[in-house]
Amino acid sequence: RPPVVVLVPHPRGLDALAAVDGVTPLLYDVRAEPPEGAETAEVMVIPSHPVDRVLALIDRLPALRLVQTLSAGTDTWTGRLPAHVTLSSARGAHGPAVAEWAAATLLAVVRDLPAFAADQAAARWNPHVTETLWDKRVLIIGAGDLGTQLRARLEPFGPRITMMARRARPGVTPMADLWTHLPAQDVVALMVPLTPDTHHLADKGFLAAMKDGAILLNAARGPVVDTQALLAETRAGRLRAILDVTDPEPLPPDHPLWHAQGVLVTPHVASDVPQTDARTWQVAAAQIAQYARGERPANTVG
């Protein structure tokens, strides 16, 4: 079998695939004409945008059999690829950084650091007692890489953690038990992919079932949360929220979420650390190596 031609959107991809047996990486620019030899490419590593140009290029590649993303989320591409093309994600590349962001922002809110920062800016000495994560009840919805990484980072702080996913397994509670657990939680962390089942998972009824003063943390995708329902709860002062993702996104300057009571917003930066790019290409290379060996990539979606 001749080497598998793999289209890569950045020179880093050439370096990442250089040591993979049975693979020939080929650099392309999604905004330009396909390079010579692209018609033989079986694998394409895709950037996150522009989506329309990526999809148009995919339609021009007759030998294409695998599309590899550089993100863990694949909702942009699910159901939009030709039937003969498999989709594989970069699941596992972003977990440490996203979990670190989640732990950092949760600790900041629980220990009231935004208020202390405002006091410092005003040169105001205002000591006061804060909450602690110790003995808090934390529900992590999503027991994949992101969720398990978050659990590992929170455990040293002493909360009581429940992991939840679609299916029960050792240490993981099924989503069917959501309504039994939700009302008792001090923190609910959303670490799930965006799918038809998780769209508006945190809707009006979900949020109403959360206890007074609880914190909703969203490190998944913006549409996993019903923004208007969340605004109603935060305006009433009943719930707090920590959001790295929003709906809409980017969040317009005049959007009420920016100034909502008890809401901390960061601009989709949870995984933006220097090591993420290298980790992402390592995961992508491993998936492509599996394909080149005739195996099904471990991160295949669907």
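Which residues of the largest nonpolar core touch the most other members?

**View 1. The largest nonpolar core of this predicted model has 30 residues.** The residues that touch the most other members of this core are I141, V188, L190, F206, L207, M210 and L216. Elements that each supply at least two residues of the core are β6 (137-141), β9, α7, α8, β11 and β12 (263-265), and the largest share, three residues, comes from α8. In soluble globular proteins, nonpolar side chains tend to be buried together. Apart from this core there is a second, separate one of 27 residues, which includes L106, V110, A165 and A270.

**View 2. The surroundings of I141 are shown with the residues that I141 touches.** When residues up to four places away in sequence are not counted, I141 touches M164, M175, L178, L201 and F206, and also V188, A189, L190, M191 and V192. Among these residues, V188, L190 and F206 belong, like I141 itself, to those that touch the most other members of the largest nonpolar core.

**View 3. Strand β10 (residues 215-218) is covered on both of its faces.** On one side of the strand lie I215 and L217, on the other L216 and N218, and all four of these residues are buried. In a regular strand the side chains alternate between the two faces of the sheet. Strand β9 (residues 187-190) runs parallel to β10 and is joined to β10 by four bridges, with L190 standing opposite N218. Between these two strands the chain passes through helix α7 (residues 204-209), and this β-α-β crossover is right-handed. Strand β11 (residues 240-243) is likewise parallel to β10 and joined to β10 by four bridges, and the bridge partner of L216 in β11 is A241. A right-handed β-α-β unit is made by β10, helix α8 (residues 227-235) and β11.

**View 4. T234 is a buried residue that lies in helix α8.** Its relative accessible area is 0%, and because buried means under 20%, T234 falls in that class. Leaving aside neighbours within four places in sequence, the residues in contact with T234 are L239, A260, Q261 and V263.

**View 5. W179 and F206 form the one aromatic pair that a search of the whole structure finds.** The centres of the two rings are 6.5 Å apart and the ring planes stand at 70 degrees, so the pair is edge-to-face. Distant parts of the chain are linked by this pair, since W179 lies in helix α6 (residues 178-181) and F206 in helix α7, 27 residues apart. The two partners can also be described by their accessibility: W179 is exposed, with a relative accessible area of 51%, whereas F206, at 0% relative accessibility, counts as buried.

**View 6. A219 is placed in the loop between β10 and α8.** With a relative accessibility of 10%, A219 counts as buried. A219 and S271 are 52 residues apart along the chain, and their C-alpha atoms are separated by 9.8 Å.

Methods:
Residues numbered from 1 in each chain as written. Predicted model: local features only at pLDDT ≥ 70, side-chain atom pairs only at ≥ 80, totals over all residues. Heavy atoms only, no water. Buried < 20%, exposed > 50% of the residue type's maximum accessible area, 1.4 Å probe, protein only. Pairing = 2+ DSSP bridges. Right-handed = clockwise from strand over helix to strand, strands pointing away. Contact = heavy atoms within 4.5 Å. Phe/Tyr/Trp six-rings, centres within 6.5 Å; stacked < 30°, edge-to-face > 60°. Core = buried A, V, L, I, M, F, W, Y, C linked by side-chain atoms within 4.5 Å.
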